[in-house]
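Student: Could you walk me through this structure with a few questions and answers?
Tutor: Gladly, let's take a look together.

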Amino acid sequence: MGILRTPPTIRPGEWVGASTPSLLSVAEAYARLTGRKADIVAEPASAMRDPGFAVLVMEPEQVTPEVLETLFSAPFLESRTFSPGLVLADKGPEGRARALQHAVALRFSAHSPAGRRVALFPLDELGFTRRDDGSVIAGGGCYGKISTALTRQANALVSILSHSDGIDMFLGPGQAACGWHSWTEISEIGARPRCLIRGICHRLDRPIDEPRFGDAIVDPSRWHARVLFLDICFGLPATGELFDRRFSIFDAILRGGRVGALVTNFELAFTGLAISEAVSEALASGEPIGKAIRNVTCSPSARRLNRRFALIGDPALTSKVGSPQLLPRPDYSVGPYSPVSPEIGALRFCLHVGGKPDLALQPGSSERDDAIIGWLCRRGKIFDLWTSLSQVFCSAEQFQCALCGRAGAVFRSSTNAPHLPRHLLLCVECGAVADSPATGGALMGRPEGDVFRLIAMPNERVRRAVLQLWAGDPRLSVACDWPISPEGLPHTVCQWRKAWPTGPLRANVFLLHGDEVSVASAMVPGRT
């Protein structure tokens, strides 16, 4: 029996494992704080077969890819009811004391009221929203609006979906998070990261000795969260990486000691808004986070994408948010997705995610068309997925996604090669791609000088047509109107009269017709 009453989320028979005899004293202290027993774990694979195995105490140097695979992959978890937690005990009293902070966080979570959620999506155009319960959503360019919220203690869940290489993390234009502010405290430096070797931050493209460089670097050790979900690549660096783990963003967060549990990826992660939100909602549901992680990891969508999530902390910890779901889960039968016609429009999803749901049911309005064109122009990377394809079609057809199982609308990408009459369906929910026979749409030929030409177009009147030269970044891309006849038919040619961005480029023609948009796309050489 622990020094306090055993938390209600801990079941009888649960135990804490120590990876080596030297860590058994830490495991025993952890077990006493949580009302469990302690023992030595010779092989993690054997321990995983014991349903009572709950926490593994290890030194960071012992965390290999094989250990992470054993603890957090679906084949090992499917026979269990919850994912185990990993607690890292650095050498020395300070490191071992930090390990016990996870047990203290578990104690507090059992008696804590529902808190708020802070969600940051630097890669998505979601704007900024504050909910009645204090929860906030921040999209690209909005980090400054939540920077203070991340350092307060009322955060039940902080979730961030972004790019990372394990050392730093993208937070928005000109801003990154990493442990740079505390790197001077690292002694006996091992393999240094590339930024220290070259003297240049590759994330910000700035010299690290530049005056006020530190103003652009956010210190993640100051973030407060009962549960922190970092949906980034290499969130937990394993032993054997190309750099000393102490330079990682992961280590900076643990050194701060302000996070009760950390959930993250330990490899390259093919993630997206849909599955990231599924994980966040499960973590904020109030059930033990170990159970939530196990259920998500063993779900068909996560297994198809080979998603695994490492848990640093106690699996019995709970994190309750008043309203876990912050982003709308598209429902194409009611609300803003209710179709005006029997068909289902993918653009309604785009408008809702783009922060303009009030325009979703105003087909034909110029403001709605402007919002659609603006969303597409900012999403040029969608069309970069198909470098060999010449046409992308945002279809109004209904599509049952084999990956996420949801019925919805799709982006449809077709080839113009006569011997390849196929097109690809991209689910707007989870990014899954399926193959099916091709149909008509808009096709674009290569430009001749400044003249762009359509060689096929939809058999409908077009309300609006826009030509965009995508340069890999919305800020560098340029667009102009494509001429339309009084009858609503796009002209076959368009003369580009603006300055050319430097290349290479992708030319996109957006044709709005009905409740759909056709996108004719082709790679073009840039001008020097």
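Student: How many bridges join strand 1 to strand 2?
Tutor: Happy to start here, with a predicted model in which local features need pLDDT of at least 70, side-chain atom pairs count only at pLDDT 80 or more, and totals for chains, interfaces and linings use all residues. Residues are numbered from 1 along each chain as its sequence is written, and side-chain values use heavy atoms, leaving out hydrogens and water. Helices (H or I, at least four residues) and strands (E, at least two) are DSSP runs numbered from the N terminus, and two strands pair if DSSP finds at least two bridges between them. Strand 1 (residues 15-18) and strand 2 (residues 37-40) run parallel, and the number of bridges joining them is four.

Student: Which residue in strand 2 is the bridge partner of G17, and what is the handedness of the crossover?
Tutor: G17 has its bridge partner in strand 2, namely D39. From strand 1 the chain passes through helix 1 (residues 24-34) to reach strand 2, as a β-α-β crossover. A crossover is called right-handed if, with the strands pointing away from the viewer, the path from the first strand over the helix to the second runs clockwise. This crossover is right-handed.

Student: How many aromatic pairs are there?
Tutor: Rings of Phe, Tyr and Trp (its six-membered ring) pair if their centres lie within 6.5 Å; planes under 30 degrees apart count as stacked, over 60 as edge-to-face and the rest as tilted. By this rule, the count is seven.

Student: How many residues apart in sequence are the parts that F72 and F266 tie together?
Tutor: The F72 and F266 pair is tilted, with 6.5 Å centre to centre and 45° between the planes. F72 belongs to helix 3 (residues 65-72), while F266 sits in the loop between strand 15 (259-264) and helix 9 (273-283), so the parts tied together are apart in sequence by 194 residues.

Student: Of what kind is the pair of W180 and F213?
Tutor: The ring centres of W180 and F213 lie 5.2 Å apart. Their planes stand at 80°, so the pair is edge-to-face.

Student: Is F213 buried or exposed?
Tutor: Buried means under 20% relative accessible area, exposed over 50%, and partly exposed in between (1.4 Å probe, protein chains only). W180, at 25% relative accessibility, counts as partly exposed. F213 has 2% relative accessibility, so F213 counts as buried.
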